[in-house]
Amino acid sequence: MEYSMYQPPTNEEIQGLKETTDFIDFSKTTSLENILHKLKEIFENINDQPDLSITDAKSMLLKKHGIIIPFPDPQPSDDVKYKFGFKKPTAFYLVGSYPLKSVVRSRNGFNVDVVVIMPKDIFQEKDYMNYRYFYKRAYYLAILSATLQDKGLALNVNVEFGALFGDRRCPIILLKPLENNSDALDFTIRILPCIPMDLFSTQRLSPSRNNIRPQHFQDLGQISQQQSVDSLPPTPQYNSAILRDMYCVSHLNLLYKNSKDCLAFNDACKLAKVWLHQRGIGGDEDGWSGFNGFVWKMLMCYLLHGGGVNGGKKLANGYSSYQLIKGTMDFLANHDFIRNPVFMNKLEESEEFSEKSFTENFDVVFVDNSGKLNLFCGMTKTALEQIQHEARIAMEYFNENKADRFEALFLQNVNDIKLRYDNVAKQKLDYHDPFIHFARTVPIQLKQGLTNRVNLITINYPQLPTWSTSSEPPSYSFSNLKLYIGFIFNPEQSNRLIDYGPSPEDETAASEFRKLWGKKAEVRRFKDGSILECVVWNVKGIEERCLIVSRIVQYLINLHYGIKGKGIQYFTGQLNEIVIPSTSIPKSIYNKNGIANGFRDIMQAYDKLVKQFMALENIPLRFSGIRAASPALRYTSIFIPQPLTLTTTNISHYIDPIEIIIQFEHSARWPDDLVAIQKMKIAFYIRLASELELQFPGTCVTVAADNSDTIISEAYMDILSDSRFTFRCRIHNEREITLLDRGIKDKKSNQLKKDMYTKALEREKRMFVEIPMHTLQIQTLCNKWPSLSLTIRLTKRWFSTHLLSDHVDEEWIECLSSQVYLEPCPWNRPGSGFVGFLRVLKLITSWDWNNEAMIVDLTSGGSCKYGLMFIGTTSGSAWGIDKPCKVVANRIKDLARSALLYADELIEKRENSEFKRLFVTPLSDYDVIIHLDPSQCTRYYQNIFVDTQYLAHNKKNMSSLKIYNIEDDDIVMRDVKMQDHEENLKKEKMAAMIGFDPKLYSDVALFFHDKHGGTIIGVVWIPTNFTPRPWKASTEINSILVSKIENLKDQKGSEHDTNSSNLQDQNIVLNTKAVVLEIERLGEGFVTGIEVRK
């Protein structure tokens, strides 16, 4: 079933949404409305106050009302010349979500914003300079709070101060219901002082203007030297804070108009707010993003009038709420705000408010409809990256057709820092450095050092807390706030050992590199002959390698900010020691030196043993397969297996052996009796043990068997290999399952015997079918996502320490752990074992185990539950899981579509003779065409356009061909008949024709061939091989330097500049010319020509 994100949510989804973040029932806001009406009366009847000096103003408020004026830092000096006055507000408005009825209650209730317009009379022309406006605003707010405090009991509210968007320059009044308030609504009324739009000249508040003069700070004793006004840096954040107060009401009018024109506007805003709240964006816990529900609404207003292709509209008034939120999310996720700043209204550009003026003074630009205020003024590039990261995840969910992601989008709380990021660093700032400056610069510094090791670096810290009217305003530096740095890894690069820098010959770049890394930077010569600046991270073992990112972060913060030791706490490696035995254990029992190799030693020992089995001689039957069936061989044993030296042959008594399954080739000589099969197995164990010890000296083998006549024997063979690992081998015979199944269905068997057969069958399937398949699947997932191994090991250890090991199967734990990787939503897939383990615990607690089974799809790798062209049958067969691949599936659909159109044309023209062309494939899409010699094609006679001149020579060649049948004990040569061995010949000729099995080049190209007499092979290069990448010694494709390609191109035209950068010279792409020549050489005698088209 496919889900469309354009459909409205279901009743169940709406109910879940209400339970998570309640929509407000406006019919139950009577007490709130009463408070708002009383506020209106208070503001209308408030008395004017005489102008006072700053000393008198502070003294009066403190003595009469116990209120400390919330002046921002720096505090005004007591000898300022201007006066502080108060006159009743000229107007007051309900703004924000409440009047638009788009309020969403979050975990902290909801806000109701009331704007109070301060009269012009209390301000002077130049109050926009040197914090004078903010000082007078704070005094005005203090008078309002004194009046409201006196009326607090009548309003049944408590009066506090808060900082708007965490900005100390803009304090606000917060009215919170008292505890004895009978109303169930949890609301906060926020009173925001604002000013008329024409109070100050906007030209004075442009982003490039400076409005804080050094003389002002000199008076405060902070700067001792007068500077030229022209040389002063601009104060864009300061200016934006004033502009924000000027345009507050005009923004309300714009939103109100759009909500009337677009009927789904408010519903879309509600959904957007829920999405933001679930991700911790825009709420009280968000002091870092500079994004909130108001900015979302303004962005949606912009898209209703522009933002589309060629200046058109991205959204339309007739869209549904889902269409509105999806279109806005798409724009937010994909628009490049850095290169293409957004202007809601492109007015006649002035120098003060030009695009250049905004981009030079702000990290991110989204200018409101006035053309004066940057709504993203508080947003950093780091914050933008995180918001766009979340938006891109949301778009993946919106576009998901195989599952309904409504819950992941809106119902699940994503803002859990321990689950959200692969690594987390916590920084407690108890020093006097400016907090905001640190928060803005540290991610930039870390990104320079981590480069492509991480996909995302985020900063998280809460807004300033509210404070009592009788207290001093808090500040970030003295509020004991904790700053969290989150990292989402790039799994392919996060654990690399070397950070490469520039060549020492590039003095400027080398100097910057050494400045970044300090003493860690060094110059090294590499195997390819290059000499580069670099940083090398020495590690011991895979666990330490996973901690490289943490070492880089701690090193850089210590180097550039002087924070070390307890100043920073990094969450990633704390659990690693849980899966490493204590250092006090003797090496003779567990040698920790072997941990450095991870599971590599045991996997190599297993591979060696498999080769030894396959090389065994003098055994009755050949092996058809040897399969792993142990956690150690799927990277999930709690402790990494270590080779041990034992002095006794009773192997299994001392160690936990590694299970493997042996299967012989099919033979009719196996008996049809279950008991006899068990005896045969024991005989095979004894024979194998003798031959292993004889043919491979140093191998010790023990056979364990019982003498009872049972239908399923517990016999096994333990092998202590020369690599000092012990493997427990069990023989699997498919005949056993057939006989057990037959015994269960036998009507002559009594119930006791049937139960015995049923239990034996379950055990047989579990041991010999399910566990080996499970091992292969988990092994594949662990190779694909390396951190899954540590996640599983930590989870197993957790169950064990809680005495639960005997109550759950290991395979159950492995499936449970795999689920957080296969279905990671609403987060990214874990990039570390630390966060993976925590998410497993979260999954245990959040899953509805009583009512819902968990289906874990280990075969899909998380991308798609079924193949692109999956076909299932009623008999239980499943086809199309592995192939066709996406490229081939798309081509099949395109060819079918074209064939139908061509058939329509033929039917219309009634030219039946041309129908044959439906079976002629177009060659224009192939990159290379390999032409084969028809006389060498053994099935050329099946070609649709056969040329008879080749058939005589073809027949002569085929009559003399021989083939070896290697399935017999002895090699037998016999004549080959074309009709009986076409497929074998095809395989033989195909391999000989081009010199290799096409699967060997599966990472380079896709090969297309008609086995029924085709004389061409179409080749399509895999596009990813043409993306320039750094050269590595492990590169497996035939490659060429990008610079050489550019030289070849330039030699045909203009002269190439040979002084290109050294880094660019190391980028490589697929060398198609060399691959084509290799195919031509290997296909000599069979390939008549190769046509390179692309």
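Colleagues, the model is predicted, so local features need pLDDT of at least 70 and side-chain atom pairs count only at pLDDT 80 or more, while totals for chains, interfaces and linings use all residues. Residues are numbered from 1 along each chain as its sequence is written, and side-chain values use heavy atoms, with hydrogens and water left out.

I begin with the chain. There are 33 helices and 33 strands in it; helices (H or I, at least four residues) and strands (E, at least two) are DSSP runs, numbered from the N terminus. Of the 1094 residues, 48% are buried, where buried means under 20% relative accessible area, exposed over 50%, and partly exposed in between, with a 1.4 Å probe and protein chains only. The accessible surface is about 56,200 Å², and carbon and sulfur atoms hold 50% of that area; such areas come from the Shrake-Rupley method with a 1.4 Å probe, and for residues only the protein chains shown count as cover. Among contacts with a separation of 6 or more, 71% join residues 24 or more positions apart, a contact being heavy atoms within 4.5 Å.

Searching the whole structure gives 3 cavities of 30 Å³ or more. A cavity is a set of points, on a 1 Å grid over the protein atoms alone, where a 1.4 Å probe fits but cannot get out; lining residues have an atom within 4 Å of a point. The second largest cavity has a volume of about 90 Å³, volume being the space filled by probe spheres set on the points, which are joined across faces, edges and corners. It is lined by 13 residues, and closest to its centre are Lys681, Tyr685, Ser713, Ala715 and Phe768. Helix H22 (674–695), strand E22 (726–732) and helix H24 (751–784) each supply at least two lining residues, and H24 gives the most, with 4. By class, this lining has 6 nonpolar, 2 polar and 5 charged residues. Here Ala, Val, Leu, Ile, Met, Phe, Trp, Tyr, Cys and Pro count as nonpolar, Asp, Glu, Lys and Arg as charged, and the others, Gly among them, as polar.

Next, helix H27. This helix covers residues 833–846, and its 14 residues reach 20 Å from first C-alpha to last, close to the 20 Å expected at 1.5 Å a residue; the expected span is 1.5 Å times one less than the number of residues. Its buried residues include Phe834, Val835, Arg839 and Leu843. Their cover includes helix H16 (417–420), strand E17 (568–571), helix H25 (787–801) and helix H26 (810–822).

Which helix holds Arg420? Arg420 lies in H16, and at 3% relative accessibility it counts as buried. Arg420 and Val835 are 415 residues apart along the chain, yet their C-alpha atoms are separated by 7.9 Å. Beyond four places in sequence, the residues that Arg420 touches include Glu390, Trp827 and Arg839.

Helix H9 (residues 248–261) also has 14 residues; its end C-alpha atoms are 21 Å apart, which agrees with the 20 Å it should span.

Finally, two threonines. Thr188, in strand E7 (residues 187–194), is buried, with a relative accessible area of 10%. Thr1027 lies in the loop between strands E29 (1016–1021) and E30 (1029–1030) and is partly exposed, at 47%. Leaving aside neighbours within four places in sequence, Thr1027 is in contact with Ile1068 and Val1069.

Notes. On a 1 Å grid over the protein atoms alone, a cavity is a set of points where a 1.4 Å probe fits but cannot get out, and a pocket is an open set with protein on both sides within 12 Å along at least five of seven lines; lining residues have an atom within 4 Å of a point.
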